[in-house]
Amino acid sequence: MKVRTRVAPSPTGDPHVGTAYVALVNYCFAKRHGGEFILRIEDTDRARSTAESEAAILDSLRWCGLHWDEGPDVGGPHGPYRQSERSAIYREYAARLLASGDAFRCFCTPERLDAMRVAQRAAGQLTRYDGLCRTYDAAEVARREAAGEPSVVRLRVPDDGTCIVEDGRRGPIEFEWSSVDMQVLLKSDGLPTYHLANVVDDHLMEITHVFRGEEWVSSAPKHMLLYRYFGWTAPKLTHLPLLRNPDKSKLSKRKNPTGILFYRSLGYAPEALLNFLGLLANPAHEGVEELMDLAHLVERFDPAQIPLGGPVFDVGKLDWLNGRFLRERLDDAQFVERVRAWGASPERMRKIAALARPRVERLSDLGPLLAFLFAGRLAIAADQLRGGKLEDRQVRQALQYALWELDRLDEWRVSGIEATFVGIAQRLGVKFRDVARPFYVAITGSPTSIPLYDAIELLGRDVVRERLRVALGLLGVPSKRELDAWFEEWKGVS
RNA sequence: GGCGCCAUCGUCUAUCGGUUAGGACAUCGCCCUUUCAAGGCGGAAAGACGGGUUCGAUUCCCGUUGGCGCUACCA
């Protein structure tokens, strides 16, 4: 049987290095065995999924140098590859489960479920659906449906016995069925949850091996149950350790740059990023050259060698690999080409020229004026952020608001960015010109520069987020309490 | 709280019961060099704790502690 793997990102935000990591592992395994690698978009969460995010994810993975044999953009024999276009399929399989009695309709309200969980937790028990709707007979279900009561489809789970999940790297993991929740499979909007869609798609797309994040371990029993109910053979599951922040918490953008685009903006070579990620999955042992290309990564890939501890994403090591790639794997001409592609493309230079030309007297003024566009971390001190009419607290609050607001922005364009900043000044009850200075310093490294919103657009979301985060850190990282209070105020006005 | 996963230098890791616990990044020192990098050489740096099993545990088992994940009509 042909090996087929997949990566199934959810388009709910910026492309994450964790996605690249999981994609790389699946890619390597498939290619190592002459198999196929598929890209599937899991966009069943209508509230959070966006087309922008999907496009960005495809773009980032392509930039990484990972090519998929089937996917929403290239098509393939098992399409569609976007779950939002497969609703009918999931409904059909949910109906099958309903018919066989392996799933049941549930009419419970969110309020009842909430109260139930609160009570269970207060009693020190695990939170699990109590099975009320499971007791309804066909007539009762029909009556409620006819009355127009909204309902979901839940998975029937055994009340006792154990489930053994076979993990490709950890071996058997045992769960009590009584600790597994009766998961919702089909939401009241008719769309499936991850669990149903994932199992159905992996089967229909003939996926043979799944490498996914460790966060899925605890829901694996539900997936095993679905394969059993459907009478399907489950793919071989292997859970990958989660990438961590330096403080060992799960890698998060609150504490670190996590976007693939951030590393691209900073001038990392995709080869080096992949190299680094590949080393995390299969570390090089003594005497082994660590600088390797994708083909080499594929050739030496071995799932049995994946370490189980969650590795800290060590940017220092990435820097070293990237430096070596730049100076050992590229000649001058190729280097120049990289520079052009990175930040000096004709289109980008034209935009920059239009902004810079009115502000220079000599071409040599360009260096200091535009350095921030070609820099990673800016050398700024806390005092440079001060000096306006605002108190530190207000500046910090403004920076935090900007972080939150900019995250919510769908389109990264001057117009939206401008509206965001105007809004922030209003909320704080101050004039924008008074908050402008710290933002200029945080973003461009100087209180005077090209227009702020253009600078922000040019820099891109990930770099801007990082600069704001660094500036905020300079004036004092907000405490949990401050953050909560600000968040309340922020929510209140929006 | 419950369930699950994990546990060696600051970081990534090697060790399939017996090693001076090895390598890489970072760090420190020296060399090279008009500077800075790069490069070369060298140094410092680790088995969470407590019980077992064993002639012998970093390695196997149990417990504790710690970290992480899950605990949604999000993935």
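## Salt bridges

In this predicted model, a salt bridge is counted where a side-chain nitrogen of Lys or Arg lies within 4 Å of a carboxyl oxygen of Asp or Glu. By this rule the count comes to 44 salt bridges. One of them joins the side chains of Asp202 and Arg6, at 2.8 Å from N to O. This pair links distant parts of the chain, for Asp202 belongs to helix α6 and Arg6 to strand β1 (residues 4–7), 196 residues apart. Helices (H or I, at least four residues) and strands (E, at least two) are DSSP runs, numbered from the N terminus. Both Asp202 and Arg6 are buried; here buried means under 20% relative accessible area, exposed means over 50%, and partly exposed lies in between (1.4 Å probe, protein chains only).

A second pair is formed by Asp201 and Arg40, whose closest N and O atoms are 3.7 Å apart. Asp201 is in helix α6, while Arg40 is in the loop between β2 (36–39) and α2, so that the two are 161 residues apart. Asp201 and Arg40 are both buried. The residues Arg6, Arg40, Glu42, Arg86, Asp201 and Asp202 are linked in a network of salt bridges.

A further salt bridge connects the side chains of Arg264 and Asp59 (3.1 Å, N to O). Arg264 is in helix α8 and Asp59 in helix α2, 205 residues apart. Arg264 is partly exposed, with a relative accessible area of 27%, and Asp59 is also partly exposed, with 32%.

## Basis of the description

Residues are numbered from 1 along each chain as its sequence is written, and chains are lettered from A and ligands numbered from 1 in the order in which they are written. This is a predicted model in which local features need pLDDT of at least 70 and side-chain atom pairs count only at pLDDT 80 or more, while totals for chains, interfaces and linings use all residues; side-chain values use heavy atoms, with hydrogens and water left out.

## Domains and their interface

Chain A is divided into domain 1 (87–240), domain 2 (260–347) and domain 3 (361–492), with bounds that come from an automatic or database domain assignment. The C-alpha centres of domain 2 and domain 3 lie 31 Å apart. Six residues from domain 2 and six residues from domain 3 take part in the contact, where contact means heavy atoms within 4.5 Å.

The size of an interface is often given as the accessible area lost when the parts come together. Domain 2 and domain 3 bury about 510 Å² between them, 77% of it on carbon and sulfur atoms; buried area is the accessible area (1.4 Å probe) that two parts lose on being put together, summed over both. Phe262, Leu266 and Trp342 supply 66% of the area that domain 2 buries against domain 3, more than any other three residues.

Across this interface the rule finds zero salt bridges. On the side of domain 2 that touches domain 3, α8 (260–265) and α12 (332–343) each supply at least two residues. Helix α8 gives the most to this side, with three residues. The residues of this side divide into four nonpolar, two polar and no charged. In this grouping Ala, Val, Leu, Ile, Met, Phe, Trp, Tyr, Cys and Pro count as nonpolar, Asp, Glu, Lys and Arg as charged, and the others, Gly among them, as polar.

## Buried residues in helices

Leu97 is placed in helix α3 (residues 87–100). Its relative accessibility is 1%, so Leu97 counts as buried. Not counting residues up to four places away in sequence, Leu97 touches Asp102, Ala103, Leu185, Leu226, Tyr229 and Phe230. Leu97 and Arg156 are 59 residues apart in sequence and 9.2 Å apart in space, C-alpha to C-alpha.

Glu54 is in helix α2 (residues 51–64) and counts as buried at 11% relative accessibility. With residues up to four places away in sequence left out, Glu54 touches Pro11, Ile41, Pro72 and Arg82.

## Residues with positive phi

Glu206 has a positive phi of about 55 degrees although it is not a glycine. Glu206 lies in the loop between α6 (194–204) and β8 (209–213) and is partly exposed, with a relative accessible area of 47%.

Lys248, another residue other than glycine, has a positive phi near 80 degrees. Lys248 is found in the loop between β9 (236–240) and α8, and Lys248 is exposed, with a relative accessible area of 51%.
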